Amino acid sequence: ARVVLPGGSTDVLCSVKAEIVKPSANRPAEGVVELHVEDVAQQHTQKRRRDMRNTQLEWQSVLEKLLVSNAVDARSLCIRE
């Protein structure tokens with residue numbers, strides 16, 4: 001999905017990828033959810049890219065805490081034989 005925010009200077013692009021993986025040994029009865037935040041702009045300086053990467057990691061952490069830990073039941077993602 002793609003959303004252009006008001007003003008037209010910010011695009012938000014979201015994609016979903018799903019695959020079957022083996023659960024971790026620490027949590028064998030739970031599925032796995034990973035979330036990644038990325039800025040795809042190419043024309044930034046090296047320092048700006050570093051700053052943006054730090055911001056992306058901060059957003060990723062916030063979104064994981066809000067969405068993954070509160071909205072996703074990891075046990076329901078586990079496929080049982």
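Author: Start with E30, which is partly exposed, with a relative accessible area of 22%. This is a predicted model, where local features need pLDDT of at least 70, side-chain atom pairs count only at pLDDT 80 or more, and totals for chains, interfaces and linings use all residues. Residues are numbered from 1 along each chain as its sequence is written, and side-chain values use heavy atoms, leaving out hydrogens and water.

Reader: Why is E30 called partly exposed?

Author: Buried means under 20% relative accessible area, exposed means over 50%, and partly exposed is in between (1.4 Å probe, protein chains only). E30 has 22%, so partly exposed it is.

Reader: And what makes R27 exposed?

Author: R27 has a relative accessible area of 53%, so it gets the exposed label.

Reader: How do you know that E30 and R27 meet in a salt bridge?

Author: The term asks for a side-chain nitrogen of Lys or Arg within 4 Å of a carboxyl oxygen of Asp or Glu. For the side chains of R27 and E30, the N to O distance is 4.0 Å, and the pair is listed as a salt bridge.

Reader: How many salt bridges does a search of the whole structure find?

Author: The search gives 2. K17 and E19 form one of them, at 3.5 Å from N to O, and both K17 and E19 are exposed.

Reader: Why does L66 count as exposed?

Author: L66, which sits in helix α1, has 52% relative accessibility, so it counts as exposed.

Notes: Helices (H or I, at least four residues) and strands (E, at least two) are DSSP runs, numbered from the N terminus.
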